[in-house]
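Open the model in your viewer and keep the sequence panel beside it. The tour goes from one selection to the next.

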Amino acid sequence: MVYDVILPAAGSGKRMGAGKNKLFLELKEKPILIHTLEVFEKDEWCRGIYLAVKDSEREFIQNLLKHYHITKVKAMPTGGAERQYSVQSCMKAIGNGDIVLVHDAARPFILEPTIHKLVEAAQQKGAAIAGVRAKDTMKRVEEGIIQETVDRSTLWMIQTPQAFRFELLQYAENHAEQDGFLGTDESMLVEREGEFVYMVESSYENVKITTKEDLVFGEAILNQRIG
Ligand code: C5P
């Protein structure tokens, strides 16, 4: 089985407040971006990595790739103002393909067995995404007032990777662009085409490094894995 992976890495990381791209912050003395890239570098099913970057950060990232011997990056197109546009620029760089994965560069703890389950599911069914069951009681709130307690048993917290047959994602993205529709993930674009998207149960460890507490959590995960 083979796939290409898109890693949007062109965010500004405002919620981290680090004054630079959060992907350059280090966990166990290695940039978060490199932790994520190494997962795909090592995975034999992964044919190519497409990294959406900011123009101002391209050279710095190129140097990191050399330093850490990352060889599978096939293109580094310029990212857009929204994550969806960053993903789109990578789709254009790939051109055509079989299975494509989209994975937040800020999720360095993804495990290979989950990736493989997603690739197999997308191959068989068209679209599959990673997520975990909601753990807390969930309520819908408006203006600080509880409107409803939502049935938790059907709720999932969605992560990446999200895996698709290439042509399905391409079609859904083009259609969203024509309609001016902006989604918070790729699955939304495919869902609005009326296509089924399948859930693959992932791990609570697959966090997106977003705020400062996530760095502490991330160090703890790595300590437990590699000591
Ligand atoms: O900001 P957030 O953590 O939700 O971003 C998720 C991922 O998408 C990050 O890896 C970030 O670098 C990337 N991104 C992007 N282009 C944007 C916004 C975010 O590539 N315009």
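Select H69 and count its surroundings: this residue is exposed because it has 8 C-beta neighbours inside 10 Å, and the cut-off for exposed is 12 or fewer. Bear in mind that this is a predicted model. H69 sits in the loop between α2 and β5 (73-75).

I34 and H69 are 35 residues apart in sequence, yet their C-alpha atoms are 9.9 Å apart in space.

I34 belongs to helix α1, so select residues 32-42 next. Which residues of this helix are buried? They are I32, L33, I34, H35, T36, L37 and F40. To see what these buried residues pack against, show the strands β1 (3-8), β2 (26-27), β3 (30-31) and β4 (46-52), and also helix α2 (58-67).

Move on to strand β7, residues 127-133. Strand β10 (residues 156-165) pairs with β7 in the antiparallel sense, over six bridges. Pick R133 and look across to W156 in β10, which stands opposite. β7 has another partner to select, strand β11 (residues 198-201), and here the pairing is parallel, with four bridges. In this pair, A128 stands opposite Y198 of β11. While the strands are on screen, look at the side chains: in a regular strand they alternate between the two faces of the sheet.

Last, select the ligand and the residues around it. How many residues are there around the ligand? There are 17, and P8, A10, G11, S86 and A105 come nearest. Coloured by type, this shell shows eight nonpolar, five polar and four charged residues.

Conventions
Residues are numbered from 1 along each chain as its sequence is written. This is a predicted model: local features need pLDDT of at least 70, side-chain atom pairs count only at pLDDT 80 or more; totals for chains, interfaces and linings use all residues. A residue is near a molecule or strand if its C-beta atom, placed from the backbone, lies within 6 Å of it. Ala, Val, Leu, Ile, Met, Phe, Trp, Tyr, Cys and Pro count as nonpolar, Asp, Glu, Lys and Arg as charged, and the others, Gly among them, as polar. Two strands pair if DSSP finds at least two bridges between them. Helices (H or I, at least four residues) and strands (E, at least two) are DSSP runs, numbered from the N terminus. A residue is buried if 20 or more other C-beta atoms lie within 10 Å of its own, exposed if 12 or fewer, and partly exposed in between; C-beta atoms are placed from the backbone. Two residues are in contact if their C-beta atoms, placed from the backbone, lie within 7 Å.
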